[in-house]
Amino acid sequence: MQNWLEFQAVVMAAGKGSRIPEMTATKPKCLLPVGNKPMIYYPLKLLENAGFRDTKIIVADNYANWGTADSLRHISDYILTDVIILSCDLITDVDLHQVLNIYRNNNASLVSLYFSPSQDEQCVFTVPGLKSKNKFEKDIIGYDSKTSRLLLMASASDYEETMPISSSLLNKCSNLKLCSKLLDSHMYIMKRWLVNYLVKDVNISTLKGELLPFVVKKQLSKHCKNIEPNEKCIEDEEDEKPDIFNISKESDIETKIRSMSCFGNTTNFEEMIKCYACVIDSNIGIRANTLYDYCRVNKIIHQLNIPLGEEKDKVSPEAEILSNQFDKETCLLA
Amino acid sequence: MSTNKVQKQDVLQAVVVASFFHKNFWPAADGDSACLMPLVNRPLLHYTLDMLESSGIVDVVVFCSSGSADRIKDSVQLASGARRLNVVYTTSDTCRSFGDVLRHLDSCALIRNDFVLLWGNVVGQLPLLPLVKRFKTLRQSGDRGAVMTIIYQRSGDPNAASVADQTIVLAADTGRVLFHNRARGKISLPLELVLDSTVDIRRDLVDTNVVICSTAVPPLFADNFDFQTKDDFVKGLLINEEILNSTLYAHVVDGDGYAGEVFDWPSYQRVTRDVLHRWTYPQVPEVVDKYSLRYGNVYIGENLKLALTCYLGNDTVVGSDSKFGSSTRISNTVIGKNCTIGNNVTIENSYIFNGVTVKDRSVIKFSVVGDNSMIKENSHITDSCILGGGVVIEPNTDLKQLRILSSDSTNKSKKLSAKAYAYNAEDDSDSEDDEDVRGLTFRKRTWSVNSCSSSDDDTASVAASIPDDTCMFYSEVVDSLIRGFEDHVHCDNLILEINSSRYAYNINYREANFQVIRAMLTLNSKAELEALNQVRYYTQLQSKLDYFLPVLRNYIKTTDSCEDCLSAIEDIAKGEELLNTVIVKVIHHLYNMNILSEESILRWHEKEEDTQFAKTVREKANKLIEWLKDAEEETDSDDDDDSS
């Protein structure tokens with residue numbers, strides 16, 4: 001086993017499951033059973049498979065309505081290295097190393113993992129509950145199709161009919177891929193300085209909703225000293241806004257490494273903030289945060305390449321099978 | 001029935017448009033026979049025909065204007081590739097545009113099948129047959145409405161912003177064209193496009209001017225008589241997709257071929273370089289003609305007389321039967337057949353056509369010299385000079401950025417000598433085309449020859465650099481303002497006029513702010529400017545600004561618009577010396593009139609700029625800034641009113 005001093009892992013398990021209130025009334029979301037295991041088993045297993053020895057799990061407490069960024073800010077004193085953030089409802093068999101390598105190769109500030117929409121959409125099934133519940137929230141993700149650099153994050157509800165794309169974005173990237181069907185895994189790898197930034201900027205309360213779009217957007221703006229002051233708190237802003245660039249200063253050793261190496265793209269030389277998207281096709285990845293996905297994941301969990309325990313565990317010895325239509329391949333029984 | 005048809009139609013047709021309808025290459029070649037202009041000592045049209053021949057096309061229809069038909073026929077017969085082609089010529093006198101050509105084709109009923117449509121200026125090597133096959137299967141199985149596959153080339157240089165000047169949105173899975181925009185700058189995509197499917201926004205694509213069309217294309221042109229160019233067609237189809245029931249697809253050539261289009265001098269340079277660097281193999285000089293290749297992409301023809309001490313640098317072509325004198329240095333240059341170059345001559349980055357004589361001690365850099373010209377002793381021809389055929393340059397002449405003709409046919413040219421007339425672009429009020437004619441790229445940035453014949457001479461210099469619609473909007477605003485000032489039109493009416501122009505040319509708010517301020521600062525014509533000294537200039541400008549105060553109020557309201565206003569002032573001051581001297585006064589005046597907020601001035605001042613000019617302007621404004629800051633401390637409460 002490796003000793004992972006490079007990354008620390010944080011599992012966000014404080015979610016209330018507000019999208020499936022019927023099921024989470026009595027039980028925290030992270031303990032909902034999926035394939036006879038609590039949901040949080042899967043992200044922990046993923047980390048364990050990748051060689052992590054310890055992780056931090058954030059669970060719900062009495063604090064009212066903390067966002068993911070608030071939670072991260074709360075434990076920022078314990079975070080010493082770059083950090084991997086997972087959500088407790090992430091169920092996937094992706095190889096974590098693949099994502100980590102993207103992070104390392106690009107010296108990225110932030111890597112976000114996306115799953116391309118599953119091809120087996122034909123396994124349509126009826127979802128218990130009301131029809132109207134099964135609605136997708138459309139996120140629009142824009143990334144460079146060659147370098148997979150993440151350059152645009154937006155929600156479809158931000159726009160009415162047209163979607164403006166700024167020229168600075170187009171100049172930066174001549175081959176931009178815009179997707180609306182990618183599934184955001186809510187798994188992020190980020191540099192330590194982003195946590196520092198979070199500590200400074202108390203206005204950001206969620207990672208996906210606020211921090212990420214902000215950081216992604218900041219990639220495009222030039223590093224200049226004063227950025228438009230907001231009406232709200234001019235003094236605060238002036239302390240803060242430059243921070244994202246000041247905080248992101250490289251350490252001396254990195255600057256030296258860069259100045260001495262002849263490898264690498266000179267156009268990226270000046271850039272402090274580099275966000276990348278990791279889009280994975282082959283593996284199965286699901287976030288069980290809606291009723292639809294919860295049902296789906298229960299249906300296909302046996303196909304996943306995740307060890308669910310011994311064969312004898314699949315069908316518990318105490319269970320009595322009376323039906324003759326029980327399919328041992330696809331069913332799990334406690 | 002359709003399968004039957006396909007079997008019958010195995011013969012593939014191509015239509016070559018060998019008439020360019022533009023004068024980009026004038027005077028080195030005229031519009032009618034520009035496709036016979038030599039590129040690496042071989043007519044452009046020969047490259048096109050060779051490409052068709054090697055990709056397995058048999059039937060070729062060549063469209064040419066009737067004036068140049070004979071010359072083109074003669075030239076085609078000499079082309080090696082044309083021997084196996086079945087060439088049919090069609091001519092017309094009435095065609096004035098690409099759209100007219102297709103309407104002509106429709107009326108002639110020459111098209112029986114899916115066909116490849118291209119201009120006679122395409123150089124390259126493309127596997128066309130597989131593309132046509134794919135297009136056919138697409139039409140049979142996938143999308144019956146598919147009428148055209150546009151072939152794009154990915155520009156190799158990611159920074160070649162000047163090359164790729166269009167934004168194209170493609171569906172990621174099918175390659176269908178969803179959105180096309182010529183203008184640079186930001187775009188606004190319809191949201192449904194993004195939600196429906198994954199799309200690629202491409203800005204790295206260059207037109208190859210090769211398209212694969214179905215038989216439905218000529219009738220579409222005939223039905224829509226306002227389609228003049230291919231861009232009109234693309235735009236029209238995308239807007240009226242449901243009505244016309246036609247869809248467009250794109251194919252991006254990336255690694256499986258090369259195609260370059262030669263439509264102006266920068267592209268001529270680019271394609272020449274690519275031919276010399278052998279991207280177009282097998283269409284390279286030593287394969288298609290009698291050249292021998294030496295190290296460093298030097299191609300040497302037959303029967304040369306080179307002095308021992310003459311030097312040939314990289315990327316050079318020397319046509320056969322040429323003579324070079326001693327101590328002559330030549331690099332990055334294409335020299336035609338039968339040229340005579342004297343002693344101590346330097347030629348760099350230039351294109352010398354056939355039969356040219358260059359006498360001793362002359363220097364030619366970044367220029368084009370037409371057929372049978374003569375350049376006498378000690379002349380300097382540099383920075384994108386274009387010399388037509390048969391020009392004689394007298395000794396000790398120094399030419400820069402000029403177009404030289406051998407005879408004065410229009411009486412509008414300046415006489416340099418008996419056989420050299422400089423074409424004066426500014427006096428050319430006859431030609432109504434607003435397009436930029438670009439010369440050779442001779443520095444890092446592109447220099448554009450200004451042939452923009454707008455109503456004011458003094459505005460033309462800046463107008464050439466901005467896109468068409470904006471340029472038109474700007475000149476309309478100038479007209480409105482001049483008339484308004486002279487006739488004392490009420491400012492509300494002026495605002496109405498400007499707004500209607502804004503809608504007419506589809507200019508966004510910020511662009512409009514910028515252009516209105518620019519127009520306001522450039523109302524004086526050149527002649528007036530010369531008569532004015534600095535003080536009088538400023539008083540006049542001030543009176544004008546005061547007059548237009550309501551207009552300014554209307555446009556400059558927010559901090560964003562203040563920013564536009566300041567950048568417009570800076571932009572104009574860069575080009576105009578008089579304004580430059582009073583720029584701080586102007587800003588101060590606008591501040592006093594409550595147009596510019598203090599905050600925006602401060603921000604403008606603090607913005608870091610790279611150019612020398614911007615720095616000096618900001619230095620000049622230092623005093624004003626200090627004063628502003630002092631005033632702020634004294635009267636804090638008043639500021640809120642100003643900056644609202």
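Hi everyone. Let me start with a definition: a residue is called buried when its relative accessible area is under 20%, exposed when it is over 50%, and partly exposed in between. Glu563(B), at 33%, is therefore partly exposed. Keep that residue in mind, and please also keep in mind that this is a predicted model.

My topic today is charge. Side chains of opposite charge can pair when their charged atoms come close. Counted over all chains, there are 22 salt bridges here, and I'd like to walk you through a few.

Let's go to Glu563(B). Which residue does Glu563(B) meet in a salt bridge at 3.6 Å? The partner is Arg510(B), with that distance taken from N to O. Now look at where the two sit: Glu563(B) belongs to helix α19 of chain B, residues 559-575, while Arg510(B) belongs to helix α15, residues 509-521. The pair therefore ties together parts that are 53 residues apart in sequence.

Arg510(B) has another salt bridge to show you. Its side chain also meets that of Asp564(B), at 3.0 Å from N to O. Here again helix α15 is joined to helix α19, so this pair links parts 54 residues apart in sequence. Is Asp564(B) buried or exposed? Asp564(B) is buried, with a relative accessible area of 8%. Through shared partners, salt bridges join Arg510(B), Asp560(B), Glu563(B) and Asp564(B) into one network.

Next, a pair elsewhere in chain B. Arg202(B) and Asp204(B) form a salt bridge through their side chains, with 3.1 Å between N and O. Where do these residues stand on our scale? Arg202(B) has a relative accessible area of 9%, so it counts as buried. Asp204(B) is buried as well, at 6%.

Glu192(B) lies in helix α6 of chain B, which covers residues 191-196. With a relative accessible area of 54%, Glu192(B) is exposed.

Technical notes: Residues are numbered from 1 along each chain as its sequence is written. Chains are lettered from A and ligands numbered from 1 in the order in which they are written. This is a predicted model: local features need pLDDT of at least 70, side-chain atom pairs count only at pLDDT 80 or more; totals for chains, interfaces and linings use all residues. Side-chain values use heavy atoms; hydrogens and water are left out. A salt bridge is a side-chain nitrogen of Lys or Arg within 4 Å of a carboxyl oxygen of Asp or Glu. Buried means under 20% relative accessible area, exposed over 50%, partly exposed in between (1.4 Å probe, protein chains only). Helices (H or I, at least four residues) and strands (E, at least two) are DSSP runs, numbered from the N terminus.
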